[in-house]
Amino acid sequence: MSSQKKAFKSKDIAGLADFIASDKCKNVVLMLGAGVSTSAGIPDFRSPETGLYANLARLKLPYPEAVFEINFFRKNPVPFYTLAQELYPGKFRPTITHSFIRLLAKRGMLHTCFTQNIDTLERRAGVPDDKVIEAHGSFATQRCIDCKKVYDDAKMKVKIEAIETPHCESYRGLVKPDIVFFGESLPDQFINAMPNVWKADVLVIMGTSLTVHPFAGLAERAPPTCPRVLINLDLVGGIGRRPNDMVLLGKCDDVVRALCKKLGWEKELEGLWERTELKKGWEEPESEVGGDGEEEEVVVKKEEEGEKVTLEDMVGAISDAIGKNLNIDGNDATPAAEDSSKEDAASKTDSTAAKEEAPKEDKDTTTTTTLAKEAVRKDEPEGKL
């Protein structure tokens, strides 16, 4: 029987609120997945029926994940840039959970926010850049995939809005946002920040299936004495087996609101979220002293019917847009897609094998060199967020 001292008075929202309000909680480390952004209207990737990959399967791509496969991108960047036009920053408002992260930072409690998401909603909610570690990169910057020269932000926005493929002005190579594609190495920023998990007074894991490595391995790198809290729709990643693990099943926004109500932070949370109200079009948010910004407004309504657009509507629209740009009628793929399918057969096998290979868990402190060797994006079999 473990003699480890209990971190929580109770393993519920009240117990978590009590811990956060105590002197024991000074450094909060977060791990975020797609479930944090779904209420913003951004679809997750892996849900069996509503996920983006499931809907892209009908488009006769070599395989749905090819949209984020570097070899396929080199041959046919159209599917990615069609998707990018739908998901590009500025179209979505940060969620109440993103404003909670901003609130933690404002109160001086946020040590590090690790995120798998490429949507930059943490930044747009006003979370300081130096607190955010985008493990899989993001749309924030972009560069030539060959010469690595940085490409201008304003020009990139114009290209993506027009669903045009940008090319390097010097080398004429393809330009890609600094999003980590399958098989690519993760950013040095992520590698260097991984030891930050050891500095956590509490590790909060939100909206993730914990299937994508090495990101998922961060949960196991937390010290045995560090309390871990899972806020998610489903129990994942073995969270709950340690004495000081807490599991709060539910939607991230609902749990966050209930937590802030217990903490007495509800009014402050809602105030921060109000400041993320969107403007129209592709305008940049107005900047304020202190890093808080307002966002652009996108009307997420069906104008004719007056109904709120559902997540299924968004996923379907994205799939249809990619299909249209590929000239897919449901029966035939474009020659580009067919050629990619044949030429990428070997790489698909390698990619699939990489996704199904689960890395070994480290039980001791790992050096940065060892972390760098492991830091290639891999996916295990798909799971529900």
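Tutor: Let's start with sulfur: the closest cysteine sulfur to that of cysteine 144 belongs to cysteine 147, 3.7 Å away, which is too far for a bond. A disulfide here is a pair of cysteine sulfur atoms within 2.5 Å, and searching the whole structure turns up zero of them. This is a predicted model, so local features need pLDDT of at least 70 and side-chain atom pairs count only at pLDDT 80 or more, while totals for chains, interfaces and linings use all residues. Residues are numbered from 1 along each chain as its sequence is written, and side-chain values use heavy atoms, with hydrogens and water left out.

Cysteine 144 is buried at 0% relative accessible area, and cysteine 260 is buried at 0% too. (Buried means under 20% relative accessible area, exposed over 50%, partly exposed in between, with a 1.4 Å probe and protein chains only.)

Now the sheet. It is open, with six strands in the order β3-β2-β1-β6-β8-β9 and parallel pairing; β3 (132-134) and β9 (245-249) sit at the edges, each pairing on one side only. Helices (H or I, at least four residues) and strands (E, at least two) are DSSP runs numbered from the N terminus, and two strands pair if DSSP finds at least two bridges between them.

Walk across from β1 (residues 28-32): five bridges join it to β6 (residues 202-206), with methionine 31 partnered by isoleucine 205. Isoleucine 205 in turn has leucine 230 as its bridge partner in β8, and β6 and β8 share four bridges. From β8 to β9 there are five bridges, one of the pairs being asparagine 232 with leucine 249.

β8 (residues 228-232) has five of its five residues buried, so the rest of the structure largely encloses it. Arg228, Leu230 and Asn232 point one way, Val229 and Ile231 the other.

Cysteine 260 brings us to α10, where the buried set is Cys252, Asp253, Val255, Val256, Leu259, Cys260 and Leu263. After α10 comes glycine 264, with a positive phi near 80°.
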